[in-house]
Amino acid sequence: MPTLQETLSYQPNELAFGTSGLRGLVSDMTDLECYINTAGFLRFLRHADNLTPGQTVYVAGDLRHSTPRILKAVVKAIKDSGQTPVYCGLIPTPAVAYYGLQHQAPSIMVTGSHIPDDRNGIKFNKTDGEVLKEDELGIKESVAAVRAELYEAAADTCDFGPDGLFKVAANELTAEDPKANELYATRYQEVFGSTAFTGKKIVFYQHSAVGRDSLVSLFESLGAEVVPVGRTETFIPIDTENVTPEDQAYFKTLAAEHPDAFAIVSTDGDSDRPFVIDENGTFHRGDVLGAIVADWIGADFAAFPVSASDATDKYLASKNIQWQHTRIG
């Protein structure tokens with residue numbers, strides 16, 4: 001009786017960790033590959049994070065065309081691993097991560113962040129925070145063990161066909177639980193209140209960011225007049241740390257069209273990195289924004305990558321905030 005591996009009609013390309021989670025070409029992210037990596041991650045958590053049978057795992061995704069299929073493979077792997085998946089919808093990465101942390105439960109986000117639409121990824125969070133570089137070896141070992149077991153399974157009794165896709169289409173995702181996104185908004189509403197942006201106009205560049213609707217609603221709940229612009233149903237791979245001349249020209253155009261705007265804001269694809277453009281259409285880098293936020297919250301210490309602007313170092317030092325450079329990723 002042939003094994004699953006013997007019947008595969010393609011050469012699998014195993015997913016690898018990038019700067020934030022697993023990433024790969026959509027053509028390589030078969031149901032089988034996504035299932036293996038999710039099941040391996042959960043096996044790792046049982047040993048390293050005291051994950052108990054039946055414990056909840058929160059799941060969400062971005063707006064890429066491949067995300068719904070990958071989500072189904074992730075959810076099936078969670079169920080088959082003896083855990084309880086809760087689908088939180090297509091919401092920002094920090095929303096599902098925060099919800100998991102509040103419930104001391106792992107979370108999984110299907111997203112490729114800012115990379116092109118022919119690619120996607122999977123971000124894992126443990127019960128106490130994001131997966132770190134030091135966790136990756138253990139996860140890889142668990143993934144390898146799951147892979148070996150599945151590849152040796154009898155092909156005729158396996159859920160996967162020769163193309164690495166489910167023989168029978170995975171069930172539709174469970175009813176969406178809106179509480180994760182609601183809690184994410186509440187966090188900001190409790191800090192800033194309902195009048196923080198009263199009398200201020202914010203232009204929100206929506207493009208294909210997964211938080212394009214919920215973040216508009218959030219700004220409105222904080223008192224802002226929000227003008228949504230640039231919505232598209234085609235995924236746009238916008239990188240908040242690599243703003244193109246075309247992006248910059250567009251921001252200048254928006255500023256000219258809305259001369260009374262307080263700011264122009266947006267996010268990357270999975271809405272975990274901010275765009276902030278001032279009333280003149282000038283883009284402000286994320287590392288500089290982070291330094292300003294560190295000062296605003298009264299931070300004692302800040303850590304940021306070596307690729308950050310020197311202005312970040314100087315600004316933090318002027319505010320007597322200790323800082324340290326880290327490796328990228």
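Helix 2 and helix 3 are oblique to each other, a word for angles that are not under 35 degrees (roughly parallel), over 145 (roughly antiparallel) or 65 to 115 (roughly perpendicular). The model is predicted, with local features needing pLDDT of at least 70 and side-chain atom pairs pLDDT 80 or more, while totals for chains, interfaces and linings use all residues. Residues are numbered from 1 along each chain as its sequence is written, and side-chain values use heavy atoms, without hydrogens and water.

Two packed helices are described by the angle between their axes and the distance between the axes. For helix 2 (residues 31-48) and helix 3 (residues 67-80), the angle is about 40° and the axes are 8 Å apart. Axes are lines fitted to C-alpha atoms, for helices over the stretch in contact, and angles run from 0 to 180 degrees between N-to-C directions. Helices are DSSP runs (H or I, at least four residues), numbered from the N terminus. This pair, helix 2 and helix 3, has a right-handed crossing, meaning that the near helix is turned clockwise from the far one by less than a right angle. The contact (heavy atoms within 4.5 Å) involves residues including Y35 and L42 of helix 2 and I70 and V74 of helix 3. Its residues are nine nonpolar, one polar and four charged. Here Ala, Val, Leu, Ile, Met, Phe, Trp, Tyr, Cys and Pro count as nonpolar, Asp, Glu, Lys and Arg as charged, and the others, Gly among them, as polar.

Helix 2 also packs on helix 5 (residues 133-151), where the axes come within 7 Å and cross at roughly 125°. That makes helix 2 oblique to helix 5. The crossing of helix 2 and helix 5 is right-handed. Among the residues that meet are I36 and F44 in helix 2 and V143 and L150 in helix 5. This contact of helix 2 with helix 5 has 12 nonpolar, four polar and five charged residues.

How do helix 4 and helix 6 lie relative to each other? The axes of helix 4 (residues 93-102) and helix 6 (residues 179-192) cross at roughly 90° and come within 8 Å, so helix 4 and helix 6 are roughly perpendicular. Y98 and Y99 of helix 4 and L183 and Y184 of helix 6 are among the residues in contact.

Conventions
Helices (H or I, at least four residues) and strands (E, at least two) are DSSP runs, numbered from the N terminus.
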